[in-house]
Amino acid sequence: MRHTLLIVLSLASTPVLAAEPPSFDRPGIGFGFGTDTVPRGGLAVEVGLPSYQRDRDRDGLRTTSLSSDLLLRTGLAPGWELQLASTPWQRQRERGPDMPRTQQRGAGDSTVGVKWAGPGSTERTAWALLASGVIARGDAAFSDGRQYALAASVEHTFNDRWSGALYGSHQRGAGQRSTTWSPSLALSVTERLGTYLEAGFTHARQQPDQAIAGAGLTWMLRPNVQLDASFDLGLNRNSPDLQLGTGIAFYLQ
């Protein structure tokens with residue numbers, strides 16, 4: 001993890017040539033994403049530094065986890081983008097009544113995706129699709145098995161400061177199916193500082209529904225370097241109690 005941070009900070013401090021980078025896909029619930037794509041020849045690197053999750057189930061089992069996610073985005077053609085995502089480092093602790101504390105470490109699944117910014121988008125309203133699938137399974141404790149997902153995102157700009165988005169995805173694989181919806185509302189506080197509110201609702205076959213809500217901040221440290229921080233709280237007993245995230249994203253042309 002230490003070496004990953006050093007590499008990220010080193011890359012973030014190098015000169016960037018693009019004057020107008022695309023919007024970054026982090027932060028946001030799940031695998032929410034923006035509606036624009038990276039130009040051909042460009043590279044967006046988005047890293048979690050890290051993410052934290054805490055949960056306690058009805059039986060009193062407490063679970064806490066730390067993870068660092070990595071997303072690489074590069075342009076294939078106008079309106080088309082290739083994505084590679086991975087969770088190279090995770091740590092999870094569990095402790096319950098009358099049981100010793102356990103700890104596990106490992107890597108999560110790696111996925112490949114293709115984003116398409118569909119036709120008909122305007123400066124005020126835009127949409128995109130993202131198809132993805134697992135290409136490398138992580139360690140057993142952190143893998144969901146072979147999964148495939150199709151997601152869509154629609155964004156609308158109300159004025160110079162306010163914008164809204166609706167994200168939806170359907171995922172299936174390893175005998176499971178789930179659907180997630182996430183509306184959000186974003187505010188540009190200044191040219192460099194932004195904030196947003198979000199909610200997420202997930203329905204899975206033969207599993208309890210989950211609902212969370214939270215907020216986040218984004219700060220453009222440089223024209224092509226973004227820092228972010230976010231939190232989400234569970235709205236029902238089946239959802240994670242608390243999720244915290246910090247990250248850095250930068251664009252190279």
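I paired rings of Phe, Tyr and Trp (its six-membered ring) if their centres lie within 6.5 Å, calling planes under 30 degrees apart stacked, over 60 edge-to-face and the rest tilted. By this rule I count three aromatic pairs.

I note that the model is predicted, so that local features need pLDDT of at least 70 and side-chain atom pairs pLDDT 80 or more, while totals for chains, interfaces and linings use all residues. Residues are numbered from 1 along each chain as its sequence is written, and side-chain values use heavy atoms, without hydrogens and water.

I looked up Phe33 and Tyr167 and found ring centres 5.9 Å apart with planes at 90 degrees, so the pair is edge-to-face. Phe33 lies in the loop between α1 (2-12) and β1 (43-56) and Tyr167 in strand β8 (residues 162-173), so the pair ties together parts 134 residues apart in sequence. I took helices (H or I, at least four residues) and strands (E, at least two) as DSSP runs, numbered from the N terminus. Both Phe33 and Tyr167 are buried (under 20% relative accessible area; exposed is over 50%, partly exposed in between; 1.4 Å probe, protein chains only).

I then examined Trp80 and Trp116, a stacked pair at 5.8 Å centre to centre and 25 degrees between the planes. Trp80 belongs to strand β3 (residues 80-95) and Trp116 to strand β5 (residues 110-116), 36 residues apart. I record Trp80 as partly exposed at 39% relative accessibility, and Trp116 as partly exposed at 29%. Ring pairs link Trp80, Trp116 and Trp127 into a cluster.
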